[in-house]
Amino acid sequence: MSSEDQHIDEDLMAKATKAAEDLYHLRDTYFPANQQEKISKLQTEADLALELLNCIPSAQRKSPTQRATYEFLRGKILDVLPDYRKEAEDHLSKAVKLNPSLADAWLCLGNCIWKKGDLLSAKNCFSLALKKGPNKKILCQLSMLERSLPQGSENQAEVVEQSIEHAKEAITLDIKDGNSWYNLGNACLTSFFVTGSWEHNKLVQSLKAYQNAEKDERMKSNPDLHFNCATVNKYLENYERALSGFEAAALKDPGLNANEEVKKIVHLLDKIEASFKEHARAKRFASVTLSLHGVKLNSSHKKATLSVLEEGSNKAVEVVGKVLLLIKYNNVAPLYYLACDSEQTCFILSVYGLRADVGIENLGRLNPLGFGLELGKLLEN
């Protein structure tokens with residue numbers, strides 16, 4: 001083979017590699033309203049990429065390294081669609097056997113096996129790849145897989161913590177990589193739910209990670225980043241930011257149903273506003289708070305009203321209040337209560353992490369912000 005022919009063959013391999021990369025870029029950035037439209041476009045581009053690969057002569061696939069690259073590219077292209085394909089797994093398996101150091105092939109093989117539901121084998125692929133050397137992409141996928149392991153197991157919280165550690169390890173390899181920060185945000189958000197939806201710090205950590213992810217220009221086209229960041233802002237009760245985040249996600253990917261989240265928040269805020277107006281007009285309002293003056297406090301706590309509280313944690317302070325209303329809405333958590341203190345000041349009390357085995361009469365003991373509530377009869381909408 002002449003040097004000119006060899007150069008042409010190498011150029012074909014480079015073109016096939018670029019076609020495979022472009023194919024996955026399309027998968028990660030193209031979000032039409034109709035999912036079938038996306039699948040059809042991916043299939044068309046995949047067929048074109050395979051045609052390029054088929055043009056590579058057999059002479060350029062003789063060495064184990066060349067063959068491994070060829071098998072990897074074929075498997076990667078075949079695996080771009082959402083459903084599992086055995087043909088893709090077969091090619092990727094050949095690639096890692098021919099060249100065990102090909103980290104990208106291990107990554108694709110793990111993802112392919114994951115699609116057929118064999119999570120443990122997929123995890124094994126990622127773990128084997130990491131033994132060859134640290135890799136931020138594989139660490140992120142391992143972190144994501146750990147969060148996907150069967151829910152309800154006794155050590156689920158421990159597994160999610162491992163997910164967080166792997167996400168952090170990926171960031172140490174490239175602190176500017178937006179995808180690694182996005183993955184850490186997802187891990188912290190998962191931990192918030194797994195541990196009972198009460199650990200406020202996990203939400204704060206998640207939000208900071210998402211904000212770092214947004215600094216990477218490549219992540220601005222990711223609708224899931226906008227959606228998940230908006231979800232965190234919703235639970236942190238930053239409703240304006242949540243609304244703008246869900247709206248941005250809806251524009252980038254209509255299939256996320258982010259507009260439904262916007263409707264839920266608007267509905268909740270409307271109900272809260274209506275509840276305030278209704279109880280401000282109630283003639284019996286003064287008598288409702290009369291009994292609060294006789295409530296006994298923890299001797300180590302200072303009695304206060306809402307007007308003297310400062311933003312943040314108010315240690316050793318109790319506001320004696322009465323619940324007027326449970327505000328019903330579509331989400332499971334948090335619970336929202338309309339309450340008032342002894343000065344007849346109304347406020348909304350948000351309750352996270354209320355266990356099913358704890359009665360409403362113990363609500364005051366669960367709230368970490370310093371509210372001691374005497375719970376009256378709940379009036380439900």
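**Reading rings and a nonpolar core**

Me: Is Phe-246 buried or exposed, and how do I tell?

Reply: Phe-246 has 0% relative accessibility, so it counts as buried. Buried means under 20% relative accessible area, exposed means over 50%, and partly exposed lies in between (1.4 Å probe, protein chains only). Keep in mind that this is a predicted model, where local features need pLDDT of at least 70, side-chain atom pairs count only at pLDDT 80 or more, and totals for chains, interfaces and linings use all residues. Residues are numbered from 1 along each chain as its sequence is written, and side-chain values use heavy atoms, with hydrogens and water left out.

Me: How do I read an aromatic pair, and how many does a search of the whole structure find?

Reply: Two aromatic rings are described by the distance of their centres and the angle of their planes. Rings of Phe, Tyr and Trp (its six-membered ring) pair if their centres lie within 6.5 Å; planes under 30 degrees apart are stacked, over 60 edge-to-face, and the rest tilted. Searching the whole structure gives five aromatic pairs. Take Phe-193 and Tyr-235: the centres are 5.4 Å apart and the planes stand at 80°, so this pair is edge-to-face.

Me: Where in the chain do Phe-193 and Tyr-235 sit?

Reply: Helices here are DSSP runs (H or I, at least four residues), numbered from the N terminus, while strands are E runs of at least two. Phe-193 is in helix H9 (residues 178–194) and Tyr-235 in helix H11 (residues 223–235), so the pair links distant parts of the chain, 42 residues apart. Phe-193 is partly exposed at 37% relative accessibility, whereas Tyr-235, at 11%, is buried.

Me: Which ring does Phe-246 pair with?

Reply: Phe-246 pairs edge-to-face with Phe-227, at 5.1 Å centre to centre and 70° between the planes. Phe-227 lies in helix H11 and Phe-246 in helix H12 (residues 239–252), so the pair ties together parts 19 residues apart in sequence. Phe-227 is buried too, at 17% relative accessibility.

Me: Which residues touch the most other members of the largest nonpolar core?

Reply: In soluble globular proteins, nonpolar side chains tend to be buried together. A nonpolar core is a set of buried Ala, Val, Leu, Ile, Met, Phe, Trp, Tyr and Cys residues joined through side-chain atoms within 4.5 Å. The largest one has 45 residues, and Phe-72 and Ile-77 touch the most other members. Helices giving two or more residues to this core include H1 (3–29) and H3 (64–78).
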